[in-house]
Amino acid sequence: MKFIVIGAGLAGCEAAWQIAESGYRVTLIEQKPIKKSPAHKSDDFAELVCSNSLKASRIDSAAGLLKEEMARLGSLTVPIARGCAVAAGGALAVDRNVFSKTVTQKIKAHPNITVLNEEAREIPVLGDTITIVATGPLTDGDLSESIKKLCGDYLSFYDAAAPIVTAESVDMDVVFGASRYGRGGADDYLNCPLNKEEYECFINELINAEGAVVHDFDVYEGCMPIEKLAKRGIDAPRFGPMKPVGLINPKTDRRPWAAVQLRRENSQGTMFNLVGFQTNLKFGEQKRVFSMIPGLENAEFVRYGVMHRNSFLDSPRVLNKDFSMKKNPSVFFAGQITGVEGYMESAASGIIAGKNAVRFSCGKSSIQLPCTTMTGALCSYIGDETVKDFQPMGANFGVLPPLNEKIRDKRERYTAYAERALTALDEVIV
């Protein structure tokens, strides 16, 4: 039996790693550097094209719980991420270049993995081949047409990335270092404070700035462009990415009216990204409008925000909970193309797809993780045929079944969810 994984993003690398670690040879097909999507810049695998944050690291958070489950399932990417982390308060943020380079080195060094740098044009559906498609939400061309023939119509949405500025161009006399509620180090985030007048002036320019796409479009809530959010109401950003809650400016001993947070982009702290400022504005407009933010008047933008089209499958109609196709069980999908939302969610789906591809080759039943685990709950959501209006889903405690007892304190409740999940997972993997 031959194993093929198409796509060397986080999901594809995890899938190939699981197959190789199980003792089977696998061919990993990656189109870079021959061809790159509009969002990709590096030749390395597992490129982080949007934020460099892998979300919260605390186990009593949904994202932190997911990463701990992945680590216990033999993840490739979680230990690497922890090894190249940069300061980010309670989040696990990484030096994206070190992260991708390390993943690439690990994959290429594995004796059971053969890497082919070529563009895959069709999905092999052969009796002696098990294929995992992990080509991401930007899949296009002949391969996209091949997937459509297998799976039917796509569902589409738009995704956006935030700008990055150099640290030396930020006015340190204006910004202040602090994490919300004092979590993490004082320099994990830089905060640009705005008073009421500055905020309202900024929002007015933001909503009237010229976008790169002139027609209106639907966008997934988790990646809402800041200008589209602002058009929902003048205070919408102030209750979203510009919320001042939990921040005290030591220069004034007061909470600002609003704040823009800058998070480290690399381990050296030479670059920062604007947290929650995914945008579709034209580059010139980004420079003009975002330079109105106090502390960023002279900001040097090393990358402007970009918008790109993403596609995902109507997975409840197409896929089983183990990420195999209902009509072609020797073909698996993994990553954002399945409708999981987020870096680690994509990687987790690759772990499950890889493990189940091996089990399928041996005639064994698929791994069905308990729905009380975050990974199992996401798998269940992907294959839940009762979900009619399927939309991307990231790790959150809402996908887990309720606890047997009611716990009012949110932190204690989340801790209980996490303890239940890890106990259930350990019972399965032992």
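Is K282 buried, partly exposed or exposed? K282 is partly exposed, with a relative accessible area of 37%; buried means under 20%, exposed over 50%, and partly exposed lies in between (1.4 Å probe, protein chains only). This is a predicted model, in which local features need pLDDT of at least 70 and side-chain atom pairs count only at pLDDT 80 or more, while totals for chains, interfaces and linings use all residues. Residues are numbered from 1 along each chain as its sequence is written, and side-chain values use heavy atoms, with hydrogens and water left out.

**Nonpolar cores**

- The largest nonpolar core has 90 residues; such a core is a set of buried Ala, Val, Leu, Ile, Met, Phe, Trp, Tyr and Cys residues joined through side-chain atoms within 4.5 Å.
- Helix α10 (residues 343-361) gives the most to this core, with 9 residues; helices (H or I, at least four residues) and strands (E, at least two) are DSSP runs, numbered from the N terminus.
- The residues with the most contacts inside the largest core are F99, I107, I132, I147, L313 and F333.
- Leaving aside neighbours within four places in sequence, L313 is in contact (heavy atoms within 4.5 Å) with I147, C151, Y154, V318, L319, F333, I337, T338 and F390.
- A second, separate core of 30 residues includes V165, A230, F272 and L281.
- In soluble globular proteins, nonpolar side chains tend to be buried together.

**Salt bridges**

- The structure holds 22 salt bridges, each a side-chain nitrogen of Lys or Arg within 4 Å of a carboxyl oxygen of Asp or Glu.
- R58 pairs with D60 in a salt bridge whose closest N and O atoms are 3.1 Å apart.
- R58 is partly exposed at 28% relative accessibility, whereas D60 is buried at 11%.
- In the salt bridge between E68 and R82, the closest N and O atoms are 3.3 Å apart.
- E68 lies in helix α2 (residues 62-72) and R82 in helix α3 (residues 77-83), so this pair ties together parts that are 14 residues apart in sequence.
- E68 is buried, with a relative accessible area of 15%, while R82 is partly exposed at 45%.
- K282 forms a salt bridge with E210 (2.9 Å, N to O).
- E210 sits in the loop between α6 (196-207) and α7 (226-230), and K282 in the loop between β13 (271-274) and α8 (283-290), so the pair ties together parts that are 72 residues apart in sequence.
- E210 is partly exposed, at 44% relative accessibility.
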